[in-house]
Amino acid sequence: MNRNLTISERLKDLRVERGLNLEELSAQTGLSKSALGSYEAEDGKDISHRSIVALSRFYDVSADYLLGLTEIRNHPNAALNELHLSDEMIE
C-alpha cells in the first residue's frame with residue numbers, strides 16, 4: 001500500500017535531498033529557522049501561503065506537490081516565455 005507523504009515529510013525530504021540544514025535553508029529562503037523546523041515537525045504547524053510559495057519556488061516544485069495534491073513535483077506545461085525560444089524555434 002502506497003501512502004501519500006505529508007507536507008512535513010515532503011519538506012524534510014526536499015531539504016535533505018539538497019543537503020541543507022535548517023539554518024542554511026533559512027538563509028536561502030528568508031524564512032525563519034524556527035518556522036521551517038515547525039513545518040517539518042510531525043505535529044506540523046500551519047504553513048502560510050507565503051511560505052508555501054517561497055518553498056515551492058526554492059525547491060522548484062509545485063505548490064500542489066508540497067500540499068500533497070499531486071505526486072508530480074513540477075507541472076509539465078511551462079509558459080512559452082519561460083522556455084526562452086527564438087521566433088524561429090517557435091515556428
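Predicted model: local features only at pLDDT ≥ 70, side-chain atom pairs only at ≥ 80, totals over all residues.
Good morning. Residues are numbered from 1 along each chain as its sequence is written, and side-chain values use heavy atoms, with hydrogens and water left out.

To return to Asn-74, this residue lies in the loop between H5 and helix H6 (87–90). Helices here are DSSP runs of H or I with at least four residues, strands are runs of E with at least two, and both are numbered from the N terminus. Asn-74 and Val-61 stand 13 residues apart in sequence, and their C-alpha atoms are 5.0 Å apart in space. With a relative accessibility of 37%, Asn-74 counts as partly exposed. On this scale, buried means under 20% relative accessible area, exposed means over 50%, and partly exposed is in between, with a 1.4 Å probe and protein chains only.

Asp-60 is exposed, at 53% relative accessible area. Its phi is positive, about 55°, although Asp-60 is not a glycine.

Let me now turn to the chain as a whole. There are six helices and zero strands, and the pattern read along the sequence is α-α-α-α-α-α. Of the 91 residues in the chain, 27% are buried. Among contacts with a separation of 6 or more, 42% are between residues 24 or more positions apart.

Which residues have the most contacts inside the largest nonpolar core? They are Leu-25, Leu-55, Tyr-59 and Leu-66, in a core of 15 residues. A nonpolar core is a set of buried Ala, Val, Leu, Ile, Met, Phe, Trp, Tyr and Cys residues joined through side-chain atoms within 4.5 Å. Two or more residues of this core come from each of helix H1 (7–17), H3, H4 and helix H5 (63–66). H4 gives the largest share, four residues.

Leu-55 deserves a moment of its own. Not counting residues up to four places away in sequence, Leu-55 touches Leu-11, Leu-25, Thr-29, Leu-31, Leu-36, Tyr-39, Ile-47 and Leu-66. One of these partners, Ile-47, has its place in the loop between H3 and H4. Beyond its neighbours within four places in sequence, Ile-47 is in contact with Ile-7, Leu-11, Tyr-39, Ile-52 and Leu-55. The C-alpha atoms of Ile-47 and Ser-8 are separated by 9.8 Å, and these residues are 39 residues apart along the chain.

Next, the packing of two helices. How do H2 and H4 lie relative to each other, parallel or perpendicular? The axes of helix H2 (residues 22–29) and helix H4 (residues 49–59) come within 11 Å and cross at roughly 100°. These axes are lines fitted to C-alpha atoms, for helices over the stretch in contact, and angles run from 0 to 180 degrees between N-to-C directions. H2 and H4 are therefore roughly perpendicular to each other, a class that covers 65 to 115 degrees, with angles under 35 counted as roughly parallel, over 145 as roughly antiparallel and the rest as oblique. At the contact, Leu-25, Gln-28 and Thr-29 in H2 meet Leu-55, Phe-58 and Tyr-59 in H4.

The buried residues of H3 are Ala-35, Leu-36, Ser-38, Tyr-39 and Glu-40, and they pack against H1, H2 and H4. Glu-40 has a relative accessible area of 14%, while Arg-15, placed in helix H1, is buried at 11%. Their side chains are joined by a polar contact of 2.8 Å. A polar contact is a pair of N or O atoms within 3.5 Å; within protein, one must be able to donate a hydrogen and the other to accept it, and residues adjacent in sequence count only if both atoms are side-chain atoms. A polar atom of the Arg-15 side chain also lies 2.8 Å from the backbone oxygen of Leu-20. Thank you.

Terms used. Contact = heavy atoms within 4.5 Å.
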